[in-house]
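Thanks for coming. I will go through one structure, beginning with a chain as a whole and ending with a helix. Please have a look at it first.

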Amino acid sequence: MAFGPLRALALDLNLGAHGVPVTVQPPYPTDGAEVVTRGIWVTQVSDLVPGATEFQRHDPRRVLVLRLGDVAKVPRGTTIIAPAIMGGPNRGWRVDGVAEQQQDHVRLVVVPDATLDEVLGVEP
Amino acid sequence: MGSRREHILEELRTRLKVIRTAAGYATDAGETVFMGEAPELGPDDPPQAIAIVVEDETPDHVAENVHSLLPVTIAALAKANLEEPWMTAEAVLADIKRAVELADRTLGGAVRLRMERGITRTMQREAGSETVGIAIQYRCPIVEKWGDP
């Protein structure tokens with residue numbers, strides 16, 4: 001029995017139910033077309049940073065899941081516009097790394113992009 | 001009447017607390033200075049903070065006078081500029097040096113001869129984090145009469 005279609009259906013349902021609208025813009029010079037899709041914020045991990053020191057802070061690491069079929073490439077520096085919570089105002093984010101990549105989706109580590117927030121008129 | 005250690009730590013805290021942009025420094029790292037504790041800060045705490053970490057004092061001569069070395073590490077955290085995170089760390093580090101390394105290297109007479117600079121470390125920004133850190137150690141030689149700290 002092939003689980004591929006079932007897996008794709010589960011991802012579709014999750015993106016529909018738990019996803020937020022997302023606009024993805026690859027960075028210059030990779031450029032490429034802007035992609036409008038949906039993404040899911042997964043549970044925030046609060047890491048103690050920086051490592052190897054006595055004085056640290058909890059920095060929430062935000063992870064956004066995107067379907068790989070929707071976006072061809074999401075290199076570091078890709079900008080993303082998406083609300084931080086479902087139904088909230090749009091915020092600017094920047095891809096800072098990849099937490100995990102599966103065959104059909106990627107978990108992106110993102111950081112708030114203050115410059116993009118300014119463009120969007122979002123209060124810091 | 002405070003001990004030499006108290007004078008040293010109090011003087012370091014006083015010097016660090018002046019690190020404010022309003023006073024001509026590049027950062028506001030001196031706005032929050034912790035001493036005797038290194039709390040785990042959260043997203044709602046100040047973006048920049050300093051902790052004075054007192055390390056183990058090592059006596060190297062014990063007689064009527066006790067000669068020892070008191071290492072104190074100044075650790076700082078700051079919210080990085082994502083374009084150039086290293087510049088944020090370097091700015092905080094430079095501010096700490098400017099504030100601490102004044103002409104009086106005895107910290108008001110509590111340090112024997114002069115305090116010296118020890119190891120400096122910078123902690124780079126990690127993926128998904130906006131924080132950078134620095135740590136700079138100062139070594140303070142002290143002489144105490146036995147029973148007269």
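Going from the N terminus, chain A has its elements in the order α-β-β-β-β-β-β-α. That makes two helices and six strands, where helices (H or I, at least four residues) and strands (E, at least two) are DSSP runs numbered from the N terminus. The model is predicted: local features need pLDDT of at least 70, side-chain atom pairs count only at pLDDT 80 or more, and totals for chains, interfaces and linings use all residues. Residues are numbered from 1 along each chain as its sequence is written, and chains are lettered from A and ligands numbered from 1 in the order in which they are written.

The C-alpha trace of chain A spans about 55 × 35 × 30 Å along its principal axes. Of its 124 residues, 27% count as buried; buried is 20 or more other C-beta atoms within 10 Å of a residue's own, exposed is 12 or fewer, and partly exposed is in between, with C-beta atoms placed from the backbone.

Now one residue. Arg94(A) sits in strand β5, residues 90–101. Is Arg94(A) buried, exposed or partly exposed? It counts as partly exposed, because it has 19 C-beta neighbours inside 10 Å. Beyond four places in sequence, its contacts (C-beta atoms, placed from the backbone, within 7 Å) include Gly77(A), Val110(A) and Leu82(B).

Last, helix α1 of chain B. Its buried residues include Ile8(B), Leu12(B) and Leu16(B). Among the elements covering them are β1 (33–35) and α2 (85–100) of chain B.

Terms used
Two residues are in contact if their C-beta atoms, placed from the backbone, lie within 7 Å.
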